[in-house]
Structure formats: structure tokens, C-alpha cells
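Here are a few notes to read alongside the structure. Have a look at it first, then go through the points in order.

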Amino acid sequence: MSDLKNLEHLLSLDREVRETPEVVASIRSIISRDVEARHAYVRWAHFESSLGWHLTGDANAHQSIVRQLKSERIQNRRILVWGTTAALAVVLLLTGLITTAAIHHFNPYQHAIPLVAWYTQVPDADSQLPGVQAGKLLRAGHRIQTREGKVVLRMAQGTVVAWSGLVDLELRSAQEVVIHGGNVCFHVPPQAIGFRAVTPAGVITDFGTQFGVSVGFDGSAEVHVMQGKVELVSKTEKRCPIITGESRGLTGTGEIGELQPVNESLFASTLPLLNGIPKFRGNLRFWTIPPLSVNQGAALTGNAVGVFIERQRFALPDPLTVYSPAPGEYSTATPPTLTTLPAGTFVRSYFIHADSSTQTSNEVELTFDNKILGVILSAAQLSETDPLLGLREVRYPSEFHSDLQPKFRAFMISPGTTTNVGDMYTIHPDGKTIQITMGLLESYGIQDIDQFRILVADDP
Amino acid sequence: MKQERIHFSFPQQEGESIPSHGHREFVRLWTGASRRVHSYILTLVLNWADAEDLLQDVGVTAWEKFGEFDSRMDFVSWTCGIARNKVLTFNQHSLRKLVISSELVEQLADAVRMESETLELQHDVLQECLARLDSGERELLKLRYTPGLSIKAVSEETGRSVDAIYKTLQRVSRRLSDCVSRRLKRRRS
């Protein structure tokens with residue numbers, strides 16, 4: 001088979017297969033030696049990129065917006081036709097002035113204000129925006145004031161805006177919002193770099209990917225960067241960059257405060273919404289910046305259950321044995337059955353952590369944006385999967401000397417036995433929701449942490 | 001004729017002012033260039049997730065260095081230069097990734113330059129061909145590129161097997177590719 005034919009075959013493979021090291025190496029080997037194949041490859045890569053660019057991200061939002069705009073224009077045109085005809089009839093009977101008024105009233109361009117955002121999600125019943133239905137498109141100039149509940153908006157360029165509770169926010173364009181008050185979080189994808197959050201005392205320009213802004217009703221503000229980088233420009237035209245893990249205050253008069261560490265707790269109820277957990281219940285602390293260590297006593301969360309994302313869009317290199325995600329109620333005495341995820345399955349791993357140093361029991365419920373594929377519960381499973389699914393920047397108990405490891409690490413100490421300290425969980429019939437009750441061993445005078453991994457389906 | 005260089009030299013220190021026209025100009029140029037920069041990065045790394053991460057890095061660096069950008073230069077070429085350096089740095093720091101040789105990076109950069117006219121034409125005709133697909137085919141194709149939607153999830157919701165969905169996708173992709181080839185040939189002749 002010629003190099004070109006070989007290349008065509010390799011490029012026609014599914015993306016998951018095509019991006020494996022072996023296939024990439026073969027493709028590179030061909031295009032290194034064959035000029036014709038190299039040019040064909042360049043055309044193919046640009047074709048793929050163009051196609052993806054047309055079909056995803058901001059394109060999705062744009063297409064929906066365009067569709068909505070078109071349908072509104074069609075409706076308006078219909079109204080115009082009807083209105084004009086009616087008005088003409090009236091003209092024949094009465095006066096031409098009414099015609100003018102009617103046409104003016106039904107002008108199809110009266111709504112030609114850009115559509116800039118999509119109200120995509122209603123995480124819970126309390127979160128309905130007043131007068132706005134989920135799935136509704138919002139126009140530039142729309143001002144939203146909420147007192148309670150959680151709200152998620154998707155801007156036309158792809159930025160996701162989320163908040164909870166008391167917020168006063170105005171949509172200025174697809175790339176700019178004004179925060180008059182409240183705590184708001186942003187996730188900005190690459191195509192929306194340059195997105196701006198305007199506050200009374202300054203403007204924040206985003207370079208991706210996650211940041212939060214807290215605006216007091218006296219006009220002061222705080223900017224917290226969970227991931228990536230933003231630039232803060234005060235109204236006195238002072239300027240400073242803020243990067244991952246940093247925050248800055250801004251007085252109402254535009255004075256920029258000292259550099260401080262990020263305070264994620266300000267956005268505790270919002271950050272999960274931006275990280276694949278559109279709905280949750282209970283005392284949850286989401287770490288966008290993972291703790292340096294999750295050994296005993298190293299990552300205390302008060303009364304909250306800590307959660308962070310480990311590997312994502314990760315293709316399992318080998319089959320992985322996990323506890324089944326079948327809906328049902330499970331405890332130490334009645335654990336779920338084991339199942340095997342095939343090699344090549346794309347997963348996103350959520351690490352759940354609670355520490356007996358600050359709590360004895362806890363209950364949370366998490367709803368993920370994709371199906372739960374499996375749960376990793378036992379100490380042996382956790383230690384085995386630390387190197388595979390864990391983050392390099394986090395130290396897991398399995399990396400410490402055995403003397404320094406907690407005696408009980410796993411959520412369920414010995415699944416299938418009667419050793420029960422109240423650990424149980426329920427997977428709901430939607431396959432995306434898990435309710436967890438954690439019991440910690442403080443009452444026995446033994447240090448304990450409860451940890452487990454939830455693997456959720458992810459995309460390549 | 002010698003052109004005036006546009007000075008978008010953003011101050012680096014706190015306390016200095018930022019010209020808002022610079023921000024607007026950058027956003028305008030970046031909006032127009034980012035798709036082509038993405039194509040270039042994907043050509044080099046052959047991995048969607050890495051290409052998206054690198055595109056973001058390139059955007060940040062382009063903004064930071066925008067003061068150095070000479071308006072006589074082509075913005076796309078300038079940002080592709082940044083992208084090329086990012087890919088080479090990414091190679092050095094990425095232990096788990098497959099390394100691309102700097103020689104191949106240069107060869108591909110040359111090929112992209114030589115094919116540039118065809119690549120732009122291809123982008124245009126692709127839009128035309130996409131418009132010829134029926135809405136169902138387009139929606140299905142969209143799934144392949146939409147983050148947060150797995151083929152498996154679609155299969156569960158539609159009741160069609162994963163295999164059937166993959167086969168349909170392949171058929172639609174092939175039709176699209178044939179349509180682009182035909183139209184490219186027609187435009188050239």
C-alpha cells in the first residue's frame with residue numbers, strides 16, 4: 001500500500017484511535033518521508049479544524065441564536081404583513097395616519113438588538129429567572145436581578161456565567177457583562193478570550209479559563225482567579241494581571257488592593273456548576289485548584305465534603321475494574337457489583353474527600369452532566385488508581401510511607417462485610433445523580449478520612 | 001511606502017494606563033485569526049484537546065506581546081509563529097505526549113504556507129457543503145465535535161447502537177469530503 005493510501009486509512013480512523021501514540025507516530029513517520037502525503041495531511045488537518053470550528057462551541061450558540069433570530073423575524077414579518085393589510089383596509093375606510101402607526105408598531109427591526117446569551121440551565125426549582133424560561137435567548141441590555149437560586153447563562157461566544165443568590169447583572173454584549181452587585185463566576189473558552197466583566201470600579205479582561213468577581217453594593221469589588229489569567233484595569237486606569245490562585249480587591253474609588261490568595265469559598269455554591277456538576281445538595285466544597293495533599297489532616301474542609309476534578313477527557317489505557325453505576329442503594333454490607341470499563345473509555349474522575357479531623361458525618365447529593373460510569377470505593381482500588389487517575393500536583397495517601405498513611409482511607413472499609421460506620425450511597429435512576437452519606441471514625445479515637453472516586457463519561 | 005507601525009504597547013506595570021482601542025483591535029484581529037491558528041496547531045499536534053489548550057496559551061501570549069506586533073505583518077502569520085514556539089515548548093515539558101521533531105514542524109509549516117490558498121478555499125467550500133447536508137446529518141456530525149456530548153450518550157437517548165451512529169458519521173463525513181473535493185476541483189478549473 002502506498003504512503004498516501006496508508007495515510008488516508010489512518011486519518012479515517014475514529015478520533016480516539018487516531019490520537020493514540022501508535023497511530024500518531026505512524027502518521028508522522030509517513031508525512032516525514034512523503035511530501036505528497038504531507039500536503040494531503042495538512043489539507044486534512046485544516047478540514048477537520050474548520051469542520052469542528054463550524055460545528056461546536058460558539059458556533060452552537062451562534063446557530064441557535066441565528067435560528068431564533070430568523071424565526072423571530074419570520075414571525076415579525078408575518079405580523080407585518082397582517083398588520084399592513086389590516087391597516088390598508090382601515091386606510092380605505094378611515095385615514096392613512098393609522099396605516100403609518102400600524103407599520104411603525106409592527107416594524108420587524110424593533111427587536112434588532114443582538115441576542116447575546118442563552119439561559120441554558122435550571123439547576124433547581126428555586127433557580128427560575130423571573131419572567132425567563134430555560135432555553136430562552138437573552139438580548140444585549142437585558143438586566144437580571146436575582147435574590148436566590150442558581151443561574152447558568154451561556155454567552156454567544158461560549159463563555160459560561162454562573163451565580164447563586166443575590167446578583168444584579170446586565171448583559172452588554174456576547175463579550176461583556178456588567179456586574180452591579182453580587183458574586184459571579186465565569187468560565188471562558190479559548191474562542192472567547194478577551195471577555196470582559198465590568199464593575200463600577202474597574203474592568204476585568206479574561207484570558208481564560210475560570211475566575212470569579214464579587215461586587216459589593218458600595219461599588220467595591222474582589223477578583224479571584226481559579227485558573228488562568230485575567231487583567232484588572234481600575235477606573236483610575238491602574239492595571240494589574242491576576243493569575244491562578246491569586247486575588248485582588250478594588251475599592252469603590254478604583255484603588256487596587258494587595259495581592260491575596262484566591263478565596264474559592266466566596267463562590268462555593270457556583271463553582272460546581274462550571275465544572276460538570278450542574279446540581280448539588282449539601283455542604284460541598286469544590287476545589288478548582290486541587291489541594292497539595294489529600295493525606296490525613298492535609299486538606300480540611302470544615303463541615304463540607306471536598307471535591308476536585310482529576311484526569312479528564314482521559315482514555316483508559318487498560319480495562320479498569322470499578323463498582324457498577326447501576327441505580328440502587330448501597331452500603332458496606334450491600335455493595336454494588338464489580339464491573340469492568342474497557343480500555344479506551346473516556347472518563348473524567350472526581351475525587352471526593354472528607355476528614356474526621358473536622359467532621360463525623362456528612363451527606364451530599366451530586367448530579368453530573370454525564371452518566372456515572374463507575375465508582376472506586378476500596379482502599380486497594382484507590383491506591384491502584386492514584387497514579388492512573390490522580391493529578392501529578394496532588395500527593396495521595398498511597399505516596400506516603402505506610403506509617404503516615406491513614407488507617408482507614410476508603411469510603412467503604414471492607415465492602416461486602418459488616419464493618420459499617422454509616423457509609424452508604426444511592427445512585428438515582430437517571431444514572432447521573434449520586435447521594436452520599438459519609439460516616440467518619442472520630443468517635444472510635446481513630447483518625448479517618450473518607451475518599452472515593454466517581455468516574456463520569458467524558459468526551460475525547 | 002513605509003507604513004506607520006501601530007503602537008499597542010500595553011504598559012507592564014501597575015499604575016500605567018491601557019488604551020482601550022488596543023483591546024478592541026486585538027479582539028478584532030484575534031476573532032479573525034483564531035480559527036486559522038487552531039488549524040495550524042492541530043496540524044502540528046494531531047490532538048484536539050491539546051490543540052484547544054495550546055490555542056488558549058497562544059491567545060494569552062499574543063495579547064501580552066501585542067505591543068510588539070508590527071501592523072505591516074500579517075496577524076495570522078505572527079500568531080502562528082507564537083503557536084509554533086508553543087508547540088516546541090509543549091514538546092519539551094510534556095512527558096506523556098508524543099514529541100514532534102522540530103524538523104517536521106518546519107516541514108509542516110512550509111506545507112501550510114504552500115497550501116494556504118487551497119486551505120482558505122477549502123474552508124469556504126466546506127461551508128457550502130455543510131449547508132447541503134440535511135439538518136439531521138448536520139446535527140449528528142455536530143455531535144462528533146461538541147464537548148460534553150458523548151456518542152454513547154446519544155446512542156442511549158436515540159436508541160441506536162454506538163456502532164450504527166459511528167457508521168452514519170463515517171458516511172456523512174465521506175460525503176462531505178467528496179463534496180469538498182469536487183467543488184475545489186471545479187473552482188480550480
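1. Chain A and chain B bury about 6100 Å² between them, and carbon and sulfur atoms give 57% of that area. Keep in mind that this is a predicted model. On the residue level, 60 residues from chain A and 69 residues from chain B take part in the contact.

2. How many salt bridges are there between chain A and chain B? The count is two. In a salt bridge between Arg43(A) and Glu115(B), the side chains come to 2.9 Å, N to O. As for polar contacts, 12 residue pairs turn up across the interface of chain A and chain B, with both residues at pLDDT 80 or more.

3. Now for the side of chain A that touches chain B. Helices H2 (15-18), H3 (21-33), H4 (35-55) and H5 (58-93) of chain A each supply at least two residues, and so do strands S9 (202-215), S10 (221-234) and S11 (239-243). H4(A) gives the most, with 17 residues. By type, this side of chain A has 22 nonpolar, 16 polar and 22 charged residues.

4. Next, the second largest pocket, with a volume of about 410 Å³. Its lining has 16 residues, and Val76(B), Ser77(B), Cys80(B), Val112(B) and Arg113(B) lie nearest the centre.

5. Which helix gives the largest share of that pocket's lining? H4(B) does, with seven residues. In chain B, helix H1 (20-45), helix H3 (75-93) and helix H4 (102-132) each supply at least two lining residues. The lining of this pocket splits into six nonpolar, four polar and six charged residues.

Methods: Residues numbered from 1 in each chain as written. Chains lettered and ligands numbered in written order. Predicted model: local features only at pLDDT ≥ 70, side-chain atom pairs only at ≥ 80, totals over all residues. Heavy atoms only, no water. Contact = heavy atoms within 4.5 Å. Buried area = accessible area lost by both parts, 1.4 Å probe. Salt bridge = Lys/Arg side-chain N within 4 Å of Asp/Glu carboxyl O. Polar contact = N/O pair within 3.5 Å; in protein donor to acceptor, adjacent residues only side chain to side chain. Helix = DSSP H or I, 4+ residues; strand = E, 2+ residues; numbered from the N terminus. Nonpolar A, V, L, I, M, F, W, Y, C, P; charged D, E, K, R; others polar. 1 Å grid on protein atoms, 1.4 Å probe; cavity = no way out; pocket = protein on both sides within 12 Å on 5 of 7 lines; lining within 4 Å. Points joined across faces, edges and corners; volume = space filled by probe spheres on them.
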